[in-house]
Amino acid sequence: MPHEDRITALCFCNAEKSESPTLVTASRDGRFKVWVLADDSDIYREAVGWTCDFVGSYHKYQATNCCFSEDGSLLAVSFEETVTIWESETWELRCTFCQRAGHVRHLCFGRLTCSKYLLGATENGTLCCWNLLSCALEWSTKLNITVMEPDPRSENVAAVSRSSGGSDLFVFKPSEPRPLYVQRSICSEEVRWGVFVPRDVPDAFTSEALQWLNRSQFYFLTASQSLLTFSSKSPEEKLTPTSKQLLAEESLPTTPFYFILGRHRQQRGEQADGASESELVQLPLTENVPAISELLHTPAHVLPSAAFLCSMFVNSLLLATEARSAEEMPDDVDMEEEKESDSSEEEDDATEKAQHAGHTDAGEDLLQQLSQLSKCEEKELRKLRRVDYSWVTAP
């Protein structure tokens, strides 16, 4: 376990000059840990592994969030209501910012010309901007921020705020408290995540308020798992959120893991899709399979070997087949059994005649019951009589 309590945040260092991949994890146990991908080779194998390079804390407060600066030289870690700034070369604590407005749940460094600013959003609905050079609060405003994401191609930052009418979008630069673009009620539900995707070919919005979309496009994910982005089709270049579907979702194979993860594709519009939809219905349900529940809910470090789990998991996915009646048996099987029964009839008759003299009344009753058996049951009895049980009485 990397921490003694739940992990609250993690972030990678995306600096180009970084010698090796670096990851920071923050936890409720009051610590943040710096992990470095290092050489883990020995005399038996060549491998790499994640090694803990530094462990930091601040007055035993819970670590709530973390974020690297654009060049990777600074790391910001929030401990409840306090934001700490650490130097990544020596991991020394440089300064702290305290805002008595609730726990900090979002952190974001400015980029390019705004790299000297640090943004923080609290759970009580306050957005703060600190100046890293003067170590002072630059500005603050009342916004219930749920998503805050910087644009990798510009100084712009997109923030989504939750209001009574839905979710509102604000685009601004940390150096200017006045937003560049505001759109109310981009959707009626809560926005869970957002990301800027750089454009392969820059767009050309003539309106000054929409030029923040020239180099990147902003996608956001709602609580109902709907992926939305912005498009402009009117001459006035008015933006409207439009639904987008990930291409990777359409190429997923329909395997049992496809259903375990809850990825159900909707087939519509074409006859070919109708055929595949009928196949989906015929697949076994895996929601209440004990083997799958054990596999998904058991911690990985206490699971048995994969060789042990494989047979149990595969057997749980097999479809149960009902026993076929004698009428459903193939004709060639019936003919083969008829030949076997005919060849053994003479032997059975001779045995019955030899034993007939010594039968008691109870034996006659038993034979009368046997004569009332069905043809299929008689075949099963003949097979049992031909089985060699001499090994049971062997000394």
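Q: Where is K60 placed?
A: Look in the loop between β4 (48-57) and β5. Strands here are DSSP runs of E, at least two residues long, numbered from the N terminus. A word on the source: this is a predicted model, where local features need pLDDT of at least 70, side-chain atom pairs count only at pLDDT 80 or more, and totals for chains, interfaces and linings use all residues. Residues are numbered from 1 along each chain as its sequence is written, and side-chain values use heavy atoms, with hydrogens and water left out.

Q: What is the phi of K60?
A: K60 has a positive phi of about 60°, although K60 is not a glycine.

Q: Is K60 buried or exposed?
A: Check relative accessible area: under 20% is buried, over 50% is exposed, and partly exposed lies in between (1.4 Å probe, protein chains only). K60 has 81% relative accessibility, so it counts as exposed.

Q: What about C135, and which loop holds it?
A: C135 is in the loop between β11 (126-131) and β12 (136-142). C135 isn't a glycine, yet its phi is positive, about 55°. Its relative accessible area is 42%, so C135 is partly exposed.

Q: How do I read the open sheet, and what is its strand order?
A: Strands of a sheet pair through backbone hydrogen bonds, either parallel or antiparallel. Pairing is called when DSSP finds at least two bridges between two strands. The open sheet has 4 strands in the order β5-β6-β7-β8, and the pairing is antiparallel. At the edges sit β5 (63-68) and β8 (92-98), each pairing on one side only.

Q: How many bridges join β6 and β7?
A: Strand β6 (residues 74-79) and strand β7 (residues 82-87) share 6 bridges in the antiparallel sense. To see one, find A76: its bridge partner in β7 is I85.

Q: Which residues have the most contacts inside the largest nonpolar core?
A: A core is a set of buried Ala, Val, Leu, Ile, Met, Phe, Trp, Tyr and Cys residues joined through side-chain atoms within 4.5 Å. The largest one has 18 residues, and L169, I186, W212, F218, F220 and F230 have the most contacts inside it. Elements giving two or more residues to this core include β14 (157-163), β15 (166-173) and β16 (176-187). The largest share, 3 residues, comes from β16.

Q: What does I186 touch?
A: Contact means heavy atoms within 4.5 Å. Leaving out residues up to four places away in sequence, I186 touches V160, S167, L169, V191, F220, F230 and P241. There's also a second, separate core of 17 residues, with V77, F79, W86 and W91 among them.
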